[in-house]
Amino acid sequence: MRKSRMALAVASAFPFVLTFTCIGAVPAFAQTADSTGSSNAPVKELGVVTITGGQPTSLPTQIPTTIEGVTREQIEHSINATDSEDALKYLPSLLVRKRYIGDYNHAVLSTRASGTGNPARSMVFADGILLSNYLGNGPTNAPRWMLVTPEEIERVDVLYGPFSAAYAGNSVGAVVDYVTRMPTKFEAHGQVSYQHQPFDLYGTNATYAGKQVSASVGNKNGDWSWFLNFNKTDSEGQPLTFPTRLVSAGAVGSAGTPVTGAVLGNNRSNQPWVLLGTATQYHTQQDHIKAKIAYDISPTVRAAYTFGWWHNESEGRPASYLRDANGNAVYSGMVNINGRSYTLAPTDFNASNESLTHFMHGLSVKSHTQGAFDWEVAASRYDYQTDTLRAATVALPAALNGGAGRIVNNKGTGWNTLAAKGTWRPGGVQGTHIVDFGLQRDSYQLRTVENATTDWIGGAAGARNQAFNGDTQLTGLWAQDTWKIAPQWKAVLGARAERWSASNGQTGNATTTLNHPERNETSVSPKAAVAWQASDLWVLKASTGRAVRMPTVAELYQGGISGSGTLINNDPNLKPEKSWTTELTAERDLGNGLLRLTAFFERTRDALYSQTNVLVTPNVTNIQNVDAIRTQGIELSYQAANVFLRGLDLGSSLTWTDSKITKNDKFPASVGKWQPRIPQWRASAVATYRPDDKWSYTLGARYSGKQYGTLDNTDVNGFAYQGTSRYFTTDVRVRYQITKQVSAAVGIDNLNNYQFWNFHPYPQRTYMAELKVDL
């Protein structure tokens, strides 16, 4: 059976009859007749949709707003998925800043009006468990994608915008919901894959490889069902950072050791500089275990528990481009490059080791009577059981044998959630009202301490260098009413009331600890939406909602202390971001697909960005509130099956965005400039051809226009280290079903080998091969 984004999108507007059955789905970007000619189209009459195929999303599909999704079969046939975030690759207006396979700390999500520097403006869940990391709002606070493997995924859906009262203000960009497999009978799966990336940039010319092994097994016996998944990744990423010196910073003369190999170029502001080598290139080994168990307490009540364990060992190793007269690599001392002398710091070429063990727990009990009342209670916890970074502060090559360094320990960091919600249908499923309501509490704890050590590889922690601690809590009470006004009309009205607090805040250096007072904020966020089915083929929708995104623990407390004992790099009094978002949508049922046109608008006050406050002396650079940002745009999406010939499925999108800073008193040079990392144009397209039940052939493409990484848009050269560039990449995938149980696939990501940047260089052309067994 086919389960499609077309059917889900229509259902999101008028889900008066919405039936899911867990049947294996055939991949398609729209729901129409299958390759044998039989019809699997959804039943639709005046907005009434019956959907079969796939496992139901947990997103609030009754809200008439934009929901896009992708199924397990689509991922298998159309996407070279090595990590769970790859499932989002071709969805409209989304970008995950994934730098290499297994990127665990920088793969942040970008949405329509939020760049890759703002992961706290989106929400990612897996089976109702929060994966988003709201301990901070930056590249290192990526969602915990690694707690879901591609082989587990049953489907992924994305709700665009803060239009559901069920979600906190972090939903202002998008809500991503992963639904993972839960078997209805015995099943077992195994997969092995290999990746190979030739990489040529600056003075680096090398190849990097990755290997992955995954196995899963599950069953349902009576009232019990269970699923167990194991995944192992061994990945070598390309170099990510590069020590540099501005040419103008070098002293003219003959001082220093003459060296060759430095690469001359221009930085992101088009200033001439020299690149001295690579500073970060990771070799990562990751192990993941996921266990899920469910028990049907009664025919209408189910309890479920999820346990996730993830372990990561990574080595970051630098390499110098510089060579002395004898051809030896140079890592320290004074060097002379083209008649200018520069002094190399020990940390220019920084070696590091990282060891992480994280646990995830989720427990829920829910009813599914589909009668007058249903309820759910759920709790989850994400725990940094072990999280240690060791880095050298002595120069290579001596550092490879030990020596002075630093240890950063995040043990005790994590978050937990608790929620209770209900659904009241006063007239039953066919009634005119469906009322959803709930109470939630989310709590976040940051515990970070950095110590000096005499042996960065295995030595004990010594004197403290710095420390950051703090807690935040968010309690939300919400309700929304879905009202079928008339057969062709539906409205949704809702509101979310929240109380946020920050406590136990501490910022410390080697000798001083500053304690920050407790803070409290309250807010109310109304939501509204309406849909009109103008005809059998056309649906018109409008949605609006307020979102309040509270400051994260790191934004408040992770900074520094001056010699006089005052804060210099953080502000514990930051205001929350406040956004109003509106979208207007027209959808056309094409019979074999869906055409959607959406206009979106967002106004944000007190946006949180790192910037320099030029109004104070001396200038202060830290996380600050930007007074106002205005974003508006148009998104066009088209998905269809059997286009031009039977078996050819197409999915595509085109987004135009205008996002400008309209007021920023602390940094006037940014007014009128583009919001960082929001391009004017974005596009994606993927075509999958299935001539029979054995073969599938896929060609995908993604485009992003010019963008900036700084608030004042002075980084005019995107094609440089630390730059933010446009890009156009193409991907291919070929899959063959060898037998009923065995399949193989080969693919190439970035087929055209486009060299592009988002501060770090993205992967270049990468070859992939996989073999999969399903029992």
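Student: Where is the place of Asn270?

Tutor: Asn270 sits in the loop between β16 and β17. Such elements are DSSP runs numbered from the N terminus, helices being H or I of at least four residues and strands E of at least two. The model is predicted, so local features need pLDDT of at least 70 and side-chain atom pairs pLDDT 80 or more, whereas totals for chains, interfaces and linings use all residues. Residues are numbered from 1 along each chain as its sequence is written, and side-chain values use heavy atoms, with hydrogens and water left out.

Student: How do β16 and β17 run where they are joined?

Tutor: Strands of a sheet pair through backbone hydrogen bonds, either parallel or antiparallel. Two strands count as paired if DSSP finds at least two bridges between them. Here β16 and β17 (residues 272–275) run antiparallel and are joined by four bridges. Within this pair, Val263 has Leu275 of β17 as its bridge partner.

Student: Which sheet holds these strands?

Tutor: They belong to an open sheet of three strands in the order β13-β17-β16, with antiparallel pairing. Its edge strands, β13 (244–246) and β16 (263–266), each pair on one side only. On average, neighbouring strands of this sheet are turned by 30 degrees against each other, direction ignored; the axes are lines fitted to C-alpha atoms, for helices over the stretch in contact, with angles from 0 to 180 degrees between N-to-C directions.

Student: Which strands pair with β8?

Tutor: Strand β3 (residues 67–71) is joined to β8 by five bridges and runs antiparallel to it, with Val70 opposite Val156 in β8. Strand β9 (residues 174–180) pairs with β8 over seven bridges, also in the antiparallel sense; there, Arg155 has Val179 in β9 as its bridge partner. Strand β8 (residues 153–160) is mostly covered, with eight of its eight residues buried.

Student: Which residues have the most contacts inside the largest nonpolar core?

Tutor: In soluble globular proteins, nonpolar side chains tend to be buried together. A nonpolar core is a set of buried Ala, Val, Leu, Ile, Met, Phe, Trp, Tyr and Cys residues joined through side-chain atoms within 4.5 Å. The largest one here has 68 residues, and Leu88, Trp145 and Tyr178 have the most contacts inside it. Strand β8 gives the largest share of this core, five residues. Among the residues that Tyr178 touches, not counting those up to four places away in sequence, are Leu88, Trp145, Ile153 and Val156; contact means heavy atoms within 4.5 Å. Another core, of 16 residues, lies apart from the largest one and includes Val259, Leu322, Leu344 and Ala351.

Student: How many aromatic pairs does the count come to?

Tutor: Rings of Phe, Tyr and Trp (its six-membered ring) pair if their centres lie within 6.5 Å; planes under 30 degrees apart are stacked, over 60 edge-to-face and the rest tilted. The count comes to 26 aromatic pairs. One of them is stacked: Trp695 and Tyr697, because their ring centres are 5.8 Å apart and their planes are at 5 degrees. Trp695 is partly exposed at 32% relative accessibility, and Tyr697 is partly exposed at 35%. Trp695 and Tyr736 form a tilted pair, since their ring centres are 4.3 Å apart and their planes are at 35 degrees. Trp695 lies in strand β39 (residues 695–704) and Tyr736 in strand β40 (residues 727–737), so this pair ties together parts that are 41 residues apart in sequence.

Student: Which residues form one aromatic cluster?

Tutor: Tyr202, Phe242, Trp273, Tyr721, Trp757 and Phe759 form one.

Student: Which residues does a cis peptide bond join?

Tutor: It joins Leu396 and Pro397, with omega about 0 degrees. Pro397 is in the loop between β25 (373–392) and β26 (405–409).

Conventions:
Buried < 20%, exposed > 50% of the residue type's maximum accessible area, 1.4 Å probe, protein only.
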